[in-house]
Amino acid sequence: MTDAFVSSSDAVFTPLPVEAVETASTESDIPLVVDMDGTLIESDTLFEGLVQLWKKKPLYGLMFPLWLLRGRAGFKKVLADTSPLDAGPLPYNRALIEHLRVAKETRSIILCTAADRRYANAVAQHLSLFDDVIATEGTVNLKSAAKAQELVSRYGKGGFDYAGNDGADVAVFSEARRALVVNATASLERKFTSIPNADRFPEAPRKSELSELWRALRPQQWVKNLLVFVPLLAVVSNARPSAFIFAMLAFVAFSVIASSVYLLNDLMDLPSDRRHPRKRLRPFAAGTVPIQNGILLIPLLLVSGFAISLTISPLFAGVMVLYAILTLLYSFLLKRIPLLDTLVLAGLYTLRILAGAAAIAVVPSVWLLSFSMFLFLSLALAKRHSELMEMQDTLTGHGIPGREYRSEDLVILISQGSASGYSAVLVLALYINSDAVRLQYRHPEVIWLICPLVLYWINKLWLNSQRRQIYDEPIVWAIQNRVSRGIALLSVALLLLARWLP
């Protein structure tokens, strides 16, 4: 079997050499049996079904204990009946599929999986590759020894070749004529040398699961949580030393809880992310991190984040509870309501400032909150606008997967976003002319120079979005953009001049 493999650095297979095809033709009566979860698919269809059921019918989670009383096979059947599988966007092992298509010319290809038959049939129908499907049905969970027994009863001991990836497949390998190890798990790697007649399917080097899990936490998005320091900057000259510690703890707590939300969003958005040109590369969408790891990590991060919050103050913990509730509503419902989703995003940005104020026990300025709300609404609308502009360049259609926006909405988004940004500048101008500024600054007229700077930045934001130069979060773009950083530093310098000039 090893001679039939042709590997390359990117694990894409070329057609079999003539001599390999001739060798395979003598084995036409030996079927190649292929496992599904983790082998053919870079994911587990059981957990795919679970997260989609939680998304559409979250209260069904209360039924899981009752379903488990039916046994593993019974649980899988009820889940498959309740949450049908969308096989199209699943993260398939493309290199293996290409190899199977070549092998199919000379032998039978059989799909054999412990997944429920309904899920297995959906995958088989999508690929149009398999001559037969063997899957879990009735009361027998077709895994490990049960799978081996079923295959031996059909083809005889040594009457089939088997491709699998997990330690549970060792029982099947021992009954197969030859073993093809694909995407080996750690448990299978430890047993690899003990498997007779084993070939390793050549694949491209993979990133470590730990580094991919770190990427799933989206640490680059933590820059948004720097907004919790804004209230501290407003009172920095009078702040107590403990305020700096509490502000830092607030940043950590917000980052931990926000990462749990990112994990939840990624799990809820799996089908739509896989249809997106960039989001399909996210760890869960691509299958580089098992879904079950995310499911376990979400509550762990939430508990850790709230534990840190309680060390700051009950008020700050209350703000974090409000943030968690809003993000849950956004993940399950509000993100699919056009325009309301952008208002919620703007509110979540502003909530970071409120959290920072709660952490150091100060009352945030109404001017600051008003300016923030208008500015962040402009950023949220720019996020949707840039996503819609990006989707116009793809073959997936004219809308954003998982969002109710269409290409004809671009004009509305850019007009509303620009108006919101200009409203933020208007609030800033009114603030500069207020009594509060006259009391705090010796030369408030200097602050007027910030208005044209912010106007220029708003115009640049929307120009870059129209030119498809903004990806993901506009606030991340703003921090990474040199012009934006320059405007921010110049604005701070003007504030200092207005306060300290003689």
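Tutor: A crossing is called right-handed if the near helix is turned clockwise from the far one by less than a right angle, and left-handed if it is turned anticlockwise. The model is predicted. By that rule, helix α12 passes helix α17 in a right-handed crossing. The contact is made by F246, A250, F254 and Y262 on the α12 side, and by L351, R352, A355 and A359 on the α17 side. Of these residues, seven are nonpolar, one is charged and none is polar. Two packed helices are described by the angle between their axes and the distance between the axes. Here α12 spans residues 241-268 and α17 spans residues 340-359; their axes come within 9 Å and cross at roughly 145 degrees.

The strands can be taken next. Strand β2, residues 109-116, has eight of its eight residues buried, so β2 is largely enclosed by the rest of the structure. On one side of the pairing list is strand β1 (residues 32-34), which runs parallel to β2 over three bridges; L32 has I109 of β2 as its bridge partner. Strand β3 (residues 132-136) also pairs with β2 in the parallel sense, over four bridges, and D116 is bridged to T136 of β3.

Last, the cysteines. C112 has 0% relative accessibility and therefore counts as buried, the cut-off being under 20%. C451 counts as buried too, because its relative accessibility is 7%. A search of the whole structure finds zero disulfides.

Technical notes:
Residues are numbered from 1 along each chain as its sequence is written. This is a predicted model: local features need pLDDT of at least 70, side-chain atom pairs count only at pLDDT 80 or more; totals for chains, interfaces and linings use all residues. Side-chain values use heavy atoms; hydrogens and water are left out. Axes are lines fitted to C-alpha atoms, for helices over the stretch in contact, and angles run from 0 to 180 degrees between N-to-C directions. Helices (H or I, at least four residues) and strands (E, at least two) are DSSP runs, numbered from the N terminus. Contact means heavy atoms within 4.5 Å. Ala, Val, Leu, Ile, Met, Phe, Trp, Tyr, Cys and Pro count as nonpolar, Asp, Glu, Lys and Arg as charged, and the others, Gly among them, as polar. A disulfide is a pair of cysteine sulfur atoms within 2.5 Å. Buried means under 20% relative accessible area, exposed over 50%, partly exposed in between (1.4 Å probe, protein chains only). Two strands pair if DSSP finds at least two bridges between them.
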